[in-house]
Amino acid sequence: MSKLIIYTIIISVITKNYFRKAAYDFLLMIFVLIFSAHAVSANAYKQIVPLENPNILFFQQTSFHDIHISVIDINAISSNKVEIKIKTFYDDLVTSMGLIPGDKLPSKYKGPDDLIIKFVEKNLKFSMDNKAIKPIYAFSKASNPAIWTTLEVDNIDLNKIKEIKIENTLLLKVHDDQVNIVNVNILGQKESYSLDSKTKQALFKIKH
Amino acid sequence: VIGIYLKLGFDHILNLSAIDHILFVLTLCAVYTVGEWKKVLILVTAFTIGHSLTLGLSVYDVVHFKPSIVEHLIPITIIFTALINLWNKDKKSQSMNVLYAMACFFGLIHGLGFSNYLKELLGKEEGILVPLLGFNLGVEGGQIIIVACGMLLNYILINVLNINPRYWTVVVSIIAIIVSTYLLVKLG
């Protein structure tokens with residue numbers, strides 16, 4: 001193919017107007033074909049696998065999304081309770097656990113909630129003043145194609161805590177361009193972080 | 001917060017996986033040369049206005065389209081734009097106002113594409129306006145860069161390599177048709 005293009009260029013340079021025009025046409029045609037093939041192979045649209053087993057599903061997946069983001073909202077409900085809301089796309093979550101969206105949930109998981117708990121444990125780590133904390137899973141709520149999971153941290157005294165560290169590796173292995181947004185709102189202090197495969201940690205300092 | 005979403009929108013558009021969006025913007029402006037930059041700017045702005053309208057409408061749940069319909073409409077609008085480029089050999093015969101209206105209408109449809117699922121992810125009641133606004137502005141910024149690159153290439157082809165301006169229009173439009181048809185077929 002590349003030889004053909006080179007020959008065409010040489011011919012178009014040597015020959016006069018009429019042939020040159022024909023050669024341009026030919027070159028353009030080749031260019032169009034190559035570019036189209038390339039663009040098509042870039043797989044711009046994701047293949048949708050319909051989810052069939054209602055056991056794994058909270059909803060029937062009908063739409064695709066081509067933005068690869070997740071959002072985590074960390075809010076203080078009172079001075080000793082923090083709520084963590086994790087918002088992801090459900091098909092991404094399933095894929096990152098090594099499953100295929102639409103397939104049956106393997107028996108090692110007790111149910112969809114169990115899968116989500118393992119997903120969170122694997123990818124999210126929190127610590128307050130360098131002490132690891134383990135949030136308690138509350139519930140999940142789905143709205144096609146997204147899923148929201150709520151975690152809670154109890155029995156803490158936010159008035160004494162100086163910093164909160166979040167380590168977030170959600171979906172980094174699923175998409176190269178995954179961006180994980182973390183919004184923190186504690187004691188009226190707000191901060192947002194944009195995490196990705198280069199920056200996986202966010203450090204929130206509380207001013208007292 | 002707005003900065004995060006601004007960058008997200010910008011990166012989203014300048015990415016090979018947003019090929020449908022890139023193609024649409026290029027196709028929309030494929031008829032024009034550098035000298036007609038004012039028309040191009042108005043066209044892109046019209047597209048932006050369409051985007052922003054969708055943003056407002058979808059936030060307040062005024063309109064609701066099935067995502068699958070939007071997914072099909074996007075490639076169709078691209079093919080339509082490309083066909084107009086191919087049919088209209090004499091661009092002076094076209095009314096610019098009709099084209100601006102068309103760009104605005106298509107912007108509306110394209111905006112629906114990501115407003116839908118971003119809304120589900122971020123939540124309807126939790127201050128979605130700022131993220132969506134940031135995202136849209138980022139997308140517009142990326143679009144202007146794409147158009148600028150397209151115009152630069154167009155300028156080089158016409159003024160340096162002495163190629164007939166019509167070639168650019170035809171090549172961009174045909175690529176857009178091929179890729180969009182493929183996307184449509186794949187969506188089923």
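Two strands are taken to pair if DSSP finds at least two bridges between them, where strands (E, at least two residues) and helices (H or I, at least four) are DSSP runs numbered from the N terminus. The model here is predicted, so local features need pLDDT of at least 70 and side-chain atom pairs count only at pLDDT 80 or more, while totals for chains, interfaces and linings use all residues. Residues are numbered from 1 along each chain as its sequence is written, chains are lettered from A and ligands numbered from 1 in the order in which they are written, and side-chain values use heavy atoms, with hydrogens and water left out.

Chain A first. Four strands of chain A make up an open, antiparallel sheet, in the order 4-3-7-10. Strand 4 (131–133) and strand 10 (201–205) of chain A sit at the edges with a single partner strand each, so one side of each has no neighbour in the sheet. From one strand to the next, the twist averages 25° (axes are lines fitted to C-alpha atoms, for helices over the stretch in contact, and angles between N-to-C directions run from 0 to 180 degrees).

Inside that sheet, strand 3 (residues 124–128) and strand 7 (residues 163–168) of chain A pair antiparallel over 5 bridges. A:L124 has A:N168 of strand 7 as its bridge partner, and A:K125 stands opposite A:E167 of strand 7. Strand 7 of chain A is also joined to strand 10 of chain A by 5 bridges, again antiparallel, and here A:E167 stands opposite A:Q201.

Over in chain B, helix 1 (residues 2–13) packs with helix 6 (residues 129–160) at about 40°, their axes 6 Å apart. That makes helix 1 of chain B oblique to helix 6 of chain B (under 35 degrees counts as roughly parallel, over 145 as roughly antiparallel, 65 to 115 as roughly perpendicular and the rest as oblique). By class, their contact has 14 nonpolar, 7 polar and no charged residues; Ala, Val, Leu, Ile, Met, Phe, Trp, Tyr, Cys and Pro count as nonpolar, Asp, Glu, Lys and Arg as charged, and the others, Gly among them, as polar.

Among the buried residues are B:D20, B:H21 and B:F24.

Technical notes
Buried means under 20% relative accessible area, exposed over 50%, partly exposed in between (1.4 Å probe, protein chains only).
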